[in-house]
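The following paragraphs lead the reader through a single protein model. Please keep the sequence and the structure in view while reading.

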Amino acid sequence: MNVILLGAPGAGKGTISKHLVDKYSMVQISTGDILRNEVKNQTELGIKAKSFMDSGDLVPDEVILGIIENRIKESDCKRGFIMDGFPRTIAQAEGFSDMVGRNNLVIDAILELEADDDLLIKRLTSRRTCSNTNCQAIYNVLYQPPAKEGICDKCGSELIQRSDETEEAITYRLKTYYEKTQPLIDYYNGGSNYHKIKADLPLDEIKASVDSIIK
Ligand SMILES: [Zn+2]
């Protein structure tokens with residue numbers, strides 16, 4: 001089972017990815033992580049990618065696709081993989097689709113986690129992060145509060161709201177997300193493997209919807 005996971009910030013992509021990894025032993029493919037790995041290991045593609053990064057340019061799609069292709073050929077991906085954060089554009093989606101086909105694989109499901117902006121804003125603005133840079137534990141004043149308000153359970157440091165998690169910043173992130181992602185959603189929407197999942201339900205119900213599609 002190979003899956004592409006789409007959803008706005010706060011829609012729960014991280015949580016659902018973890019569920020798929022834990023329950024079905026699928027492999028989560030984060031392009032950021034594998035890119036850093038190739039750069040660190042100085043592979044041919046890693047060296048190429050680094051030359052763009054060093055000059056402050058975006059790494060071109062064909063380099064990213066090459067790195068993803070190497071990753072999905074590894075044996076652990078036979079158990080299924082989850083694409084999280086890629087593709088982001090129609091050009092990447094087309095390149096990815098060609099590459100998947102070339103490797104005799106299929107994308108079994110495209111899962112879009114969907115929730116109202118009000119809920120996404122509420123979820124993200126209620127996050128608090130430990131100010132101790134060696135700890136950085138994450139809490140949520142609504143869903144996972146610390147024992148003592150404003151204080152980290154693990155290290156006793158002050159909890160802060162990150163500057164990219166204020167209401168203003170999140171509203172902007174959501175607007176940018178929809179502008180960039182809507183064309184991609186329109187591109188995938190209507191395909192038989194495309195599933196919209198209501199992400200404003202309790203977590204158990206979201207997991208159950210995902211499970212019913214995976215099965
Ligand atoms: Zn802490």
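**A guided reading of the model**

K198 is partly exposed, with a relative accessible area of 48%; here buried means under 20% relative accessible area, exposed over 50%, and partly exposed in between, computed with a 1.4 Å probe on protein chains only. The side chain of K198 meets that of D200 in a salt bridge, with N and O 3.8 Å apart, a salt bridge being a side-chain nitrogen of Lys or Arg within 4 Å of a carboxyl oxygen of Asp or Glu. D200 also counts as partly exposed, at 29% relative accessibility.

The model is predicted, so local features need pLDDT of at least 70 and side-chain atom pairs count only at pLDDT 80 or more, whereas totals for chains, interfaces and linings use all residues. Residues are numbered from 1 along each chain as its sequence is written, and side-chain values use heavy atoms, with hydrogens and water left out.

The structure holds 14 salt bridges. One of them joins D22 to K18, whose closest N and O atoms are 2.8 Å apart. These two residues lie four apart in helix α1 (residues 13-24), and therefore about one helical turn separates them. Both D22 and K18 are exposed. Helices (H or I, at least four residues) and strands (E, at least two) are DSSP runs, numbered from the N terminus.

Another salt bridge links D76 with R71, again with 2.8 Å between the closest N and O atoms. D76 is partly exposed, at a relative accessible area of 22%, while R71 is buried, at 15%. R71 is also among the buried residues of helix α4. Nine of the 12 residues in α4 are buried, and these pack against β2 (27-30), α2 (31-40), α3 (44-54), β3 and α5 (90-102), where contact means heavy atoms within 4.5 Å.

Strand β1 (residues 3-7) is mostly covered, with five of its five residues buried. V3, L5 and G7 point one way, and I4 and L6 the other. In a regular strand the side chains alternate between the two faces of the sheet. Two strands pair if DSSP finds at least two bridges between them. Three bridges join β1 to the parallel strand β3 (residues 81-84), with L5 partnered by D84. Five bridges join β1 to β4 (residues 109-114), also in the parallel sense, and there V3 has A109 as its partner.

An open sheet with antiparallel pairing has the strand order β6-β5-β7. Because β6 (138-140) and β7 (159-160) stand at the edges with a single partner strand each, one side of each is left without a neighbour in the sheet. Strand β5 (residues 127-130) pairs with β6 over three bridges, and R127 stands opposite N140. R127 also belongs to a network of salt bridges with R162, D164 and E165.

What are the protein donors of the zinc ion? They are the SG atoms of C130, C135, C152 and C155, lying 2.3 Å from the zinc ion; donors are N, O and S atoms within 2.8 Å of the metal (3.2 Å for Na, K and Ca), and sites may look incomplete, as water is not among the atoms. Their spacing along the chain is C-x4-C-x16-C-x2-C. The four donor atoms subtend angles of 97 to 113°, which makes the arrangement tetrahedral, a term used for four donors if all angles lie between 85 and 135 degrees. C130 counts as buried, at 3% relative accessibility, whereas C135 counts as partly exposed, at 25%.

Terms used:
Four donors count as tetrahedral if all angles lie between 85 and 135 degrees; four count as square planar and six as octahedral if opposite donors are over 155 degrees apart and all others between 65 and 115; anything else is irregular.
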